[in-house]
Amino acid sequence: MNISSLILRARPESLPQVRIQLAALPGVEVHADHDDGRMVVTVEDTDASSAADTMLAVHTACGVISTTLVYQYTCLLYTSPSPRDGLL
């Protein structure tokens, strides 16, 4: 699991198009935006793409001026070893 939070700055006149582009990306959710072009976005890993690939797609979306990573969380899903693994 990988969850990242971004502050995104877009051209104000491009904000509607940026919203559409972000909505089309798997694992992306817009939590807040402002008419001046600022947006708060989260990106999660999906089966279709990694969070890193999606962040690159967000950054290169038409109308986006900049993105800043403000939070990143990674959790490796751990499963307990079983006797058949030979580790117990």
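## Salt bridges

Asp 36 is partly exposed, with a relative accessible area of 25%. Partly exposed lies between buried (under 20% relative accessible area) and exposed (over 50%), using a 1.4 Å probe and protein chains only. Asp 36 pairs with Arg 38 in a salt bridge, with 2.9 Å between the closest N and O atoms. A salt bridge here is a side-chain nitrogen of Lys or Arg within 4 Å of a carboxyl oxygen of Asp or Glu. Arg 38 is also partly exposed, at 42% relative accessibility.

This is a predicted model, in which local features need pLDDT of at least 70, side-chain atom pairs count only at pLDDT 80 or more, and totals for chains, interfaces and linings use all residues. Residues are numbered from 1 along each chain as its sequence is written, and side-chain values use heavy atoms, leaving out hydrogens and water.

The structure holds 2 salt bridges. Another pairing is Arg 19 with Asp 33, whose closest N and O atoms are 2.7 Å apart. This pair links distant parts of the chain: Arg 19 sits in helix α1 and Asp 33 in strand β2 (residues 28-33), 14 residues apart. Helices (H or I, at least four residues) and strands (E, at least two) are DSSP runs, numbered from the N terminus. Arg 19 is partly exposed at 33% relative accessible area. Asp 33 is partly exposed too, at 34%.

## The nonpolar core

The largest nonpolar core has 15 residues. Those touching the most other members are Leu 8, Val 18, Leu 22, Val 28, Met 39, Val 41 and Val 58. At least two core residues come from each of β1, α1 (15-23), β3 (38-44) and α2 (51-59). Such a core is a set of buried Ala, Val, Leu, Ile, Met, Phe, Trp, Tyr and Cys residues joined through side-chain atoms within 4.5 Å. In soluble globular proteins, nonpolar side chains tend to be buried together.

Take Val 18. Beyond its neighbours within four places in sequence, Val 18 is in contact (heavy atoms within 4.5 Å) with Leu 8, Ala 10, Met 39, Cys 62, Gly 63 and Val 64.

## Asn 2 in strand β1

Asn 2 is found in strand β1 (residues 2-10). Asn 2 counts as buried because its relative accessibility is 17%. Its side chain makes a polar contact of 3.5 Å with the side chain of Ser 4. Another polar contact, of 3.0 Å, joins the side chains of Asn 2 and Gln 72. A polar contact is a pair of N or O atoms within 3.5 Å; within protein, one must be able to donate a hydrogen and the other to accept it, and residues adjacent in sequence count only if both atoms are side-chain atoms.

Leaving aside neighbours within four places in sequence, Asn 2 touches Val 43, Glu 44, Asp 45, Ala 51, Gln 72, Tyr 73 and Thr 74.

## Strand β4 and the surface patch

Met 1, Ile 7, Val 40, Val 70, Tyr 71 and Tyr 73 make a nonpolar surface patch of about 540 Å². Strand β4 (residues 64-74) gives the most to this patch, with 3 residues. Tyr 71 lies in β4 and is partly exposed, at 48% relative accessibility. Patch residues have over 30% relative accessible area and no salt bridge; like charges are joined within 9 Å, and nonpolar side chains (Val, Leu, Ile, Met, Phe, Trp, Tyr) within 5 Å. Areas come from the Shrake-Rupley method with a 1.4 Å probe; for residues, only the protein chains shown count as cover.

Leu 69 is also in strand β4. Leu 69 counts as partly exposed, at 48% relative accessibility. Leaving aside neighbours within four places in sequence, Leu 69 is in contact with Ser 4, Ser 5, Leu 6 and Met 55.
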